[in-house]
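Hello,

Here is the structure I promised to pass on to you. Please have a look at the model first, and then read on for what turned up.

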Amino acid sequence: MRDVFATGGMILNESLLWEKGKKGRKAMDIAESDVPAAVVDPEIAGSGPDFPDLGEVDIVRHYTRLSQWNFGVDTGMYPLGSCTMKYNPKINDKIAATPALASAHPMLSDDLCQGTLFMMYELQRFLAEITGLDAVSLQPAAGAHGELTGMLIFSAYHKSRGSRRTKILIPDTAHGTNPASAALCGLYPVPVKSGPDGVIDPKVVADLMDTETAGIMVTNPNTLGLFEENITEIAEIIHKRGGLVYADGANMNAVMGIVDMKKCGVDILHLNLHKTFSTPHGGGGPGAGPVCVVRRLEKFLPVPRVVKKRRTYSLEADQPYSVGRIHAFHGNFGILVRAYSYIRLMGAENLKRVSQLAVLNANYIKEKLKDDLHLPYDRPCMHECVFSDQNQHDAKVSTLDMAKRLMDYGYHPPTIYFPLVVGGAIMIEPTETESKDELDLFIEAFKEIVCEAKENPDILHQAPHITKVKRLDETTAARHPCLTG
Ligand SMILES: Cc1ncc(COP(=O)(O)O)c(C=O)c1O
């Protein structure tokens, strides 16, 4: 068993830079000015900002120590279900930082940025190929932004046919952002209850689908980590009644090169480049949620679109049916470069292998832990598996206790209490980048925690023990957050 994680950085008390400052310290020497000092009206100059005086070493150590309090994909396994926190190869960051790409001004005329436009055009083509759909917009800045764009397209499509539809079907296993995105477009979310096997029953969809319903929004694979195997039949029902099928494809990590979404009947789908294609999810950084559509919906995509005429690329905005611009300039360009570089470096065969390994790893964990943790849906999963704390109820140990204890073992906790269809859910997404050795260490840690739950539950109730901040009062932390340290 690996030693518990206890870096010096996690236990140090770090004061604010303002508290560290000492008059006269400095981090650089600036040459004496040979320009006569100008007299500035004190009313304009004011007293200057209240910055502390610090040496270089003070600043470097301060930020290095703070960075050690963080946990990231470069620190260790980060099995945060629904977030695909996989290791991202550094080469893609390096390529995104290439000066010609990183410093290309977004207002350059088309003829001066042919390389940039070529890359965007090619990325659109690759994403269309990966999903099976026909046309792509790279503008949306996140998964939820892609959903919003998709719902705008739903509305524009129905409007163009003179039909007014006010509802949308959303399964209880959809990602939480789905109903919010639909509601923002004036579509009332109608819940679809998943069946006892965790997937949608076409009969339930048939009963709910009517001519006031714009269509369905299916997260596939869903948030239970299960593939919606009835998707084709469901799509037929929706299409017969004039609706459209939206797939939340943020979990594409599980099905790349394996599932053709167009053949499944999907009309619109968004991808999370910041989950699947080499940008880490979470952490508040930029993302990209491209939207892919079938040919008949292409005219509704956001403008401007990158088009190719003969051997020249340009941005084209003249599209009367478009839902309009939904992001400034070219979207989050650096994220697009990472995805392009990742796809080019991997190639089609390796992308397929990514999905195969992501699914293999999740199933390995599921099988190894299912005697220790309750497994509500005991069937092959896709890229993530969902347990619950039911087996620990007698010991009065909860999902939260086990998640906090995992931090003492050096792991970022999995996603907990989501999806809502499983009480006390523990959602583990190992991703394809963890080796069998790493998975075995994680499984061993979890098994040990389950033993502790039986033998010494208090150690779990009070976890984490080795972190700088111990167990928080979650309610007070949420209602009265202290943001100043
Ligand atoms: C299935 C699914 N859909 C949508 C989203 C929303 O993506 P974003 O956080 O980029 O808005 C996520 C985020 O993890 C997701 O897992």
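The largest cavity has a volume of about 90 Å³. A cavity here is a set of points, on a 1 Å grid over the protein atoms alone, where a 1.4 Å probe fits but cannot get out, and lining residues have an atom within 4 Å of a point. Volumes are the space filled by probe spheres set on the points, with grid points joined across faces, edges and corners. Thirteen residues line this largest cavity, and Met120, Leu138, Gln139, Pro304 and Arg305 lie nearest its centre. At least two lining residues each come from H7, strand S1 (135-137) and strand S8 (305-309); helices (H or I, at least four residues) and strands (E, at least two) are DSSP runs, numbered from the N terminus. By class, the lining has eight nonpolar, four polar and one charged residues, where Ala, Val, Leu, Ile, Met, Phe, Trp, Tyr, Cys and Pro count as nonpolar, Asp, Glu, Lys and Arg as charged, and the others, Gly among them, as polar.

Before going further, a word on the source: this is a predicted model, in which local features need pLDDT of at least 70 and side-chain atom pairs count only at pLDDT 80 or more, while totals for chains, interfaces and linings use all residues. Residues are numbered from 1 along each chain as its sequence is written, and side-chain values use heavy atoms, with hydrogens and water left out.

Pro304 also has a backbone feature: the peptide bond from Val303 to Pro304 is cis, with omega near -5°. Pro304 sits in the loop between strand S7 (291-293) and S8. Another cis peptide bond joins Asn220 and Pro221, with omega about -5°, and Pro221 is in the loop between strand S4 (213-219) and helix H11 (231-240).

The search of the whole structure finds two cavities of 30 Å³ or more. The second largest cavity has a volume of about 70 Å³, and its lining includes Leu224, Leu226, Tyr377 and Arg379. That lining has seven nonpolar, no polar and three charged residues.

Next, the second largest pocket, which holds about 290 Å³ of space. A pocket is an open set of grid points with protein on both sides within 12 Å along at least five of seven lines. Of its 13 lining residues, Glu129, Ile130, Gly257, Ala348 and Leu351 are the closest to the centre. Helix H7 (114-131) and helix H13 (333-369) are the elements that give two or more residues to this lining, and H13 has the largest share, with six. Domain 1 (92-344) and domain 2 (348-470) each contribute at least three residues to the lining; the bounds come from an automatic or database domain assignment.

Finally, the ligand. Of the 15 residues around the ligand, Gly143, Ala144, Asp248, His274 and Lys275 come nearest, a residue being near if one of its heavy atoms lies within 4 Å. Helix H8 (143-160) and helix H12 (273-276) each supply at least two residues of this shell, and H8 gives the most, with three. Oxygen atoms of the ligand lie 2.8 Å from a backbone N or O atom of Gly143, 2.9 Å from a polar backbone atom of Ser82 and 3.1 Å from a polar side-chain atom of Asn272; the polar contact cut-off is a pair of N or O atoms within 3.5 Å. Taken alone, the ligand exposes 390 Å², and the protein buries 89% of that, with areas from the Shrake-Rupley method and a 1.4 Å probe.

Best wishes

Technical notes:
Polar contact = N/O pair within 3.5 Å; in protein donor to acceptor, adjacent residues only side chain to side chain.
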